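Hello,

Here is the structure I promised to pass on. Have a look at it first, and my notes follow below.

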Amino acid sequence: MTIEPRIRDELHTLRDQVRHFQGGMVASVDGMVIAHDLPDIEPDGLAALTAAAIGVAKRLTEATGQGAFEETLTRGADGYIAAYSAGRRAVLTAVASPHTNVGRLHLQARRAAERIGALVDSAPRP
């Protein structure tokens, strides 16, 4: 049984919980798409960019003695892109408008990332 439908359900739930949430994606830490809910964004490119950004963020937290990577937030003129560690093998990327309540985004996305991480980590490796 594939975990993709269950992860897609988590992404849909996140969309319902966070106003101005534009879409989400779960990818492996090496940049392979597992599931997405991104109507206007090409998921393969976003997965690759997220993997690169996470690589830099991991080095940054290690170099400064801040421990293991957990999350990162990028704010652009037209909204936010947040990436959350989802277990050992995946990352949740969330895209939201500038009107999003970032505190609510963090609260709900952290919870979703924990549930998604459990799903991915317990699934057999392909």
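The radius of gyration of the chain is 14 Å, taken over C-alpha atoms. That agrees with the value near 14 Å for a compact globule of 126 residues, the rule being 2.2 Å times the number of residues to the power 0.38. Along the principal axes, the C-alpha atoms fill a box of roughly 40 × 35 × 25 Å.

Before the rest, a word on the source. This is a predicted model, in which local features need pLDDT of at least 70 and side-chain atom pairs count only at pLDDT 80 or more, while totals for chains, interfaces and linings use all residues. Residues are numbered from 1 along each chain as its sequence is written, and side-chain values use heavy atoms, leaving out hydrogens and water.

On to the fold: there are three helices and five strands (DSSP runs, H or I of at least four residues for helices and E of at least two for strands, numbered from the N terminus). Their order from the N terminus is α-β-β-α-β-β-β-α.

Of the contacts (heavy atoms within 4.5 Å) with a separation of 6 or more, 51% are between residues 24 or more positions apart.

Best wishes
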